[in-house]
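Please walk through this protein one part at a time. Keep the sequence and the 3D view side by side as you read.

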Amino acid sequence: MKKDKLKIGIYELTGCAGDALLILDCEDELINIFHAADIRSFLMAKSDNIDGELDVALVEGSVSTERDLQELLDIRKRSKVLVAIGLCATAGGNQAAFLDPREWEDNLKKVYGRTEMTHTKPLQSKPLNAYVKVDHYLPGCPIDREQFLSTLTRLLAGHPPELHRFPVCVECKWRENDCLLNRGILCLGPLTAAGCRAVCPSHNLPCVGCWGPAEEANYTAEYQLLMEKGFDREMILRKMSTFSGTAIADFAARIRGVKK
Ligand code: SF4
Ligand code: SF4
């Protein structure tokens, strides 16, 4: 008996839409993807989008407005499996990095000169799991093409994706690189989710953490190590914060002695 195709939706909340663009850029595989799955919604690729029950929803972007939140809640209600794709969806993105939740109105005023927003209410930017259950996390800024294709293939076959649970340092060691930390270069590999094949340290550049926090990122140990190596406290915190989204907020506030 012929099996029904899985119904898939690809959605973008607040972000740069880089993950949707990467999917669109899978030119050789795109026709096969559209043959293998029933792509119900993909705003960047088609105009006949349908809201309805889904087997799998892939959602990029962070929740940064009331409209994002309502859309996410609706997608979650309609989907059997929800996959957060990209840094903003998995960790909150750069837009969640430095803002104190109590200060978003001041920051909005600094940037736009006024706090009134007419089309939707801004919210402090957060990853998807701050509001709904997320079944799988596909990190990256943007996501990696091979990891995306392997994740989608496994989901279409009814299997959970096989994603790395270790940090960039493991991939860096696989490539037999000399550790940059031993040369006095501030590298965030120990804190960062793997999947990029340690591309930066393999080119003698430090990891700045663009794939977001690794599953068991130990901020305290990395902070202590970098302090022992003589790096400036504020520089360490700023670098650790850039791509950690909301994950580092409590740690950074504790180190800075800010009362929540
Ligand atoms: S260079 Fe960076 S990613 Fe590579 S092992 Fe050292 S800390 Fe980890
Ligand atoms: S900054 Fe780190 S996570 Fe991002 S691509 Fe470079 S090595 Fe990979």
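At what angle do helix α8 and helix α9 pack, and how far apart are their axes? Keep in mind that this is a predicted model. Two packed helices are described by the angle between their axes and the distance between the axes. Here the angle is about 140°, and the axes lie 10 Å apart. Helix α8 covers residues 219-228, and helix α9 covers residues 233-242. The crossing of α8 past α9 is right-handed.

Now look at who touches whom. From α8, the contact uses Tyr219, Tyr223, Leu226 and Met227. From α9 come Arg233, Ile236 and Met240. Six residues of this contact are nonpolar, one is charged and none is polar.

Step back to the whole chain. The protein is divided into two parts: domain 1 spans 7-156, and domain 2 spans 168-256. Their C-alpha centres are 25 Å apart. The two domains do meet: 16 residues of domain 1 are in contact with 14 residues of domain 2. Which helix gives the most to the domain 1 side? That is helix α4, residues 87-91, with three residues. By class, this side of domain 1 has eight nonpolar, six polar and two charged residues.

Next, find the sheet. Strands of a sheet pair through backbone hydrogen bonds, either parallel or antiparallel.

Zoom in on one pair. Strand β1, residues 7-12, runs parallel to β2, and four bridges join them. Lys7 stands opposite Asp38 in β2.

Finish with the ligands. Ligand 1 has 13 residues around it. Cys169, Cys172, Cys179, Cys187 and Gly189 come nearest. By class, the shell of ligand 1 holds eleven nonpolar and two polar residues, with no charged ones. Which residues lie around ligand 2? Among them are Cys196, Cys200, Cys207 and Cys210, along with Val168, Thr192 and Trp211. The shell of ligand 2 has nine nonpolar, two polar and no charged residues.

Key
Residues are numbered from 1 along each chain as its sequence is written. Chains are lettered from A and ligands numbered from 1 in the order in which they are written. This is a predicted model: local features need pLDDT of at least 70, side-chain atom pairs count only at pLDDT 80 or more; totals for chains, interfaces and linings use all residues. A residue is near a molecule or strand if its C-beta atom, placed from the backbone, lies within 6 Å of it. Ala, Val, Leu, Ile, Met, Phe, Trp, Tyr, Cys and Pro count as nonpolar, Asp, Glu, Lys and Arg as charged, and the others, Gly among them, as polar. Domain bounds come from an automatic or database domain assignment. Two residues are in contact if their C-beta atoms, placed from the backbone, lie within 7 Å. Helices (H or I, at least four residues) and strands (E, at least two) are DSSP runs, numbered from the N terminus. Axes are lines fitted to C-alpha atoms, for helices over the stretch in contact, and angles run from 0 to 180 degrees between N-to-C directions. A crossing is left-handed if the near helix is turned anticlockwise from the far one by less than a right angle, and right-handed if clockwise. Two strands pair if DSSP finds at least two bridges between them.
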